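Hi,

Here's the structure I promised to pass on.

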Amino acid sequence: MEYRDLSLESIVFEARYNQSFGYLDKSNEIINKIDEEIDGLHVLDNLANAPGFRLTYKQENIVFNFGPASFNISRANTKDSDFEFFITYLKSVFRIVSEWLDLNEYSRIGLRYWFVYPVGSAEEGREVLSESGIFNENKKVETLFGKKLKDKSIVVVLEEAQKGHRISLAMAKKEEVEVKIDSSGKVLSQTKRKDSSAEMAILLDLDNYADKPKEKSLDGFIDETVELCKNNIIKLIGGD
C-alpha cells in the first residue's frame, strides 16, 4: 500500500475571526479582486440565508464561501491524492482576504481531509486496519455479548499548545461518503452514492486545527499539516 493508492474525496480549509467591521465596506472589492486575480474562481451568488458570497471554480470542484466572521474553501470529488493545486489556491485566496480585511489574528483555523481506500471485503479492510496499530480488534466484546463483530470505527484526538488533530477511521459498504460543506464551513449530514469500483472502502477523516493563531503563522500551519498528512496518512491504515 502506498500514498498514491488513496483517493482524496474532499478537502476543506476554514478560517474564523472576530466579525470584521471592514467586511461591510470591502467585501465587494475583495470578491472583485479574487475574481480578477485568481483564475477560474468566479462569483456564483450571494448567500440567500446569511450575509456573504459564494465563488466557484466548477471545472476543479472548488467552492469558496466568504462572510463577515469566517471563510472556507473546499474541493470535492478530486479522486486524486495530490492536493498541491488546492493548497496553492487556498494560499492565494487567504492572502487577498487577510490583506484587505487587515486581519492580524484568527479565532480558529482548520484544514481537513477525507480519504478513501478501496478494499475487497470487510474482512480485508479490518485486516488492513489492524496493521496500523491503532485499530486493533478486541474479541472480548464478542464474548461478552455473544455476537460477531459487524462494524467498527475509531476516533483519536491529539492536542497540545492550541494545535490539534482529530483522526477518524471507519469502514463503508459499497458506497463513498460525499462530504458537503455549508457556507459557514460546517459539515452537513453526509449523503452517499453508489461506487461500482469497490464493494468496501476504508474512510479516513483527518482534521487539523489551531486555536487563536497569528496571521503570519497560517502558511506554516498549512505546510506543516500537508507534510504530516503526506508522511503519515498511509501509516494510519497500515501502509509503509
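Below is what turned up, starting with the chain and ending with one glycine.

A quick word on the basis: this is a predicted model, so local features need pLDDT of at least 70 and side-chain atom pairs count only at pLDDT 80 or more, while totals for chains, interfaces and linings use all residues. Residues are numbered from 1 along each chain as its sequence is written, and side-chain values use heavy atoms, with hydrogens and water left out.

**The chain**

You'll find 5 helices and 11 strands (DSSP runs numbered from the N terminus: H or I of at least four residues for helices, E of at least two for strands). Of the 240 residues, 46% are buried (under 20% relative accessible area, 1.4 Å probe, protein chains only). The chain exposes about 12900 Å², with carbon and sulfur atoms supplying 47% of that (Shrake-Rupley method, 1.4 Å probe). Among contacts (heavy atoms within 4.5 Å) with a separation of 6 or more, 71% join residues 24 or more positions apart.

**Helix α2 and its partners**

α1 (residues 22-37) packs on α2 at about 150°, the axes 9 Å apart (axes are lines fitted to C-alpha atoms over the stretch in contact, and angles run from 0 to 180 degrees between N-to-C directions). The two are therefore roughly antiparallel (over 145 degrees). Their crossing is right-handed (the near helix is turned clockwise from the far one by less than a right angle). On the α1 side the contact includes Tyr23, Ile30 and Ile34, and on the α2 side Val93, Ile96 and Trp100 are among the residues involved. By class that contact has 8 nonpolar, 1 polar and 5 charged residues (Ala, Val, Leu, Ile, Met, Phe, Trp, Tyr, Cys and Pro are nonpolar; Asp, Glu, Lys and Arg charged; the others, Gly among them, polar).

α2 (residues 84-101) also meets α5 (residues 218-236): their axes come within 11 Å and cross at roughly 170°. That makes this pair roughly antiparallel, and the crossing is right-handed. Glu84, Ile87, Leu90, Lys91 and Phe94 of α2 make the contact with Leu218, Asp219, Ile222, Asp223, Val226 and Lys230 of α5. The α2 and α5 contact counts 6 nonpolar, no polar and 5 charged residues.

**Gly125**

This one sits in helix α3 (residues 122-130). Gly125 is buried, at 0% relative accessible area. Leaving aside residues up to four places away in sequence, Gly125 touches Val119, Met171 and Ile202. Its C-alpha is 9.3 Å from that of Ala170, 45 residues apart along the chain.

Cheers

Terms used:
Angles under 35 degrees count as roughly parallel, over 145 as roughly antiparallel, 65 to 115 as roughly perpendicular and the rest as oblique. Buried means under 20% relative accessible area, exposed over 50%, partly exposed in between (1.4 Å probe, protein chains only).
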